[in-house]
Amino acid sequence: QVDYDEKWDQLVSAFQEICDEFPSIKFSLEYKPTDENTRFFTVPTTGAALLFVEEVNRPNMGLTLDVGHMLMAGENPGQSIAMVGRKNKLFGIQLNDGFTRLAAEDGLMFGSVHPSMALEIMYQMRRTNFSGHFYFDTFPQRSDPVKEAEYNIQQAKRFWYAACSIDEARMKQITDEHDALAALELINNVLWQKL
């Protein structure tokens with residue numbers, strides 16, 4: 001029902017126009033694979049979003065990554081952050097958690113389902129020198145919204161400080177050796193000590 005190339009070109013052109021009109025404003029696209037209202041999005045993944053930003057080709061154009069959307073797309077959020085961060089196009093990140101089902105945007109509290117993933121998210125944010133904004137995109141449908149916000153802030157700080165405590169030389173050794181057991185031990189030590 002849609003010409004993919006035409007829709008892509010229209011979107012690229014629209015973002016080029018607003019970036020050129022307002023060069024002092026940073027524009028950030030937050031991709032989403034799908035939702036309950038539609039089954040098609042022009043920019044449904046981190047890879048497509050990076051290609052989109054490359055084609056817009058403006059210094060004030062970047063991305064906001066949403067943990068729930070990365071999970072919905074079947075992505076590894078740490079890897080997605082690393083990919084966008086290496087291009088210096090990570091303008092924002094929305095911290096939350098959820099189960100990994102297509103179209104299931106759970107909006108759960110940060111680190112509630114995937115604590116080791118939350119640690120890696122903060123590690124990759126530090127590693128890429130992230131200096132943008134982060135937000136909490138959670139859905140307090142059955143909890144006090146203020147308490148949920150306070151909990152998210154507390155969790156973000158805990159995981160940030162835990163990520164700061166990772167020994168870089170040890171991490172390099174583990175990744176160079178592709179040592180899964182050592183990686184799990186490192187994660188467990190950092191999480192149990194800091195959380």
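The following legends describe close-up views of a predicted model.

**View 1. Salt bridge between Arg58 and Asp20**. The closest N and O atoms of Arg58 and Asp20 are 2.6 Å apart. Arg58 is located in the loop that runs between helix H2 (46-56) and strand S2 (61-66), whereas Asp20 belongs to helix H1 (residues 4-21), so the pair ties together parts that are 38 residues apart in sequence. Arg58 is partly exposed, its relative accessible area being 22%. Asp20 is likewise partly exposed, with a value of 46%. A search of the whole structure returns 2 salt bridges, and the pair of Asp176 and Lys172 is shown in the next view.

**View 2. Salt bridge between Asp176 and Lys172 in helix H7**. Here the closest N and O atoms are separated by 2.9 Å. Both residues lie within helix H7 (residues 168-177), at a spacing of 4 residues, about one turn of the helix. Asp176 has a relative accessible area of 47% and is partly exposed; Lys172, at 49%, is also partly exposed.

**View 3. Packing of helix H4 against helix H5**. Helix H4 (residues 77-86) and helix H5 (residues 115-127) meet at an angle of about 10 degrees, and their axes are 8 Å apart. Angles under 35 degrees count as roughly parallel, and H4 and H5 are therefore described as roughly parallel to each other. Helix H4 contributes Pro77, Gly78, Ile81 and Ala82 to the contact, while helix H5 contributes Met117, Glu120, Ile121, Gln124, Met125 and Arg127. By class, this contact of H4 with H5 comprises 6 nonpolar, 2 polar and 2 charged residues.

How values were computed
Residues are numbered from 1 along each chain as its sequence is written. This is a predicted model: local features need pLDDT of at least 70, side-chain atom pairs count only at pLDDT 80 or more; totals for chains, interfaces and linings use all residues. Side-chain values use heavy atoms; hydrogens and water are left out. A salt bridge is a side-chain nitrogen of Lys or Arg within 4 Å of a carboxyl oxygen of Asp or Glu. Helices (H or I, at least four residues) and strands (E, at least two) are DSSP runs, numbered from the N terminus. Buried means under 20% relative accessible area, exposed over 50%, partly exposed in between (1.4 Å probe, protein chains only). Axes are lines fitted to C-alpha atoms, for helices over the stretch in contact, and angles run from 0 to 180 degrees between N-to-C directions. Angles under 35 degrees count as roughly parallel, over 145 as roughly antiparallel, 65 to 115 as roughly perpendicular and the rest as oblique. Contact means heavy atoms within 4.5 Å. Ala, Val, Leu, Ile, Met, Phe, Trp, Tyr, Cys and Pro count as nonpolar, Asp, Glu, Lys and Arg as charged, and the others, Gly among them, as polar.
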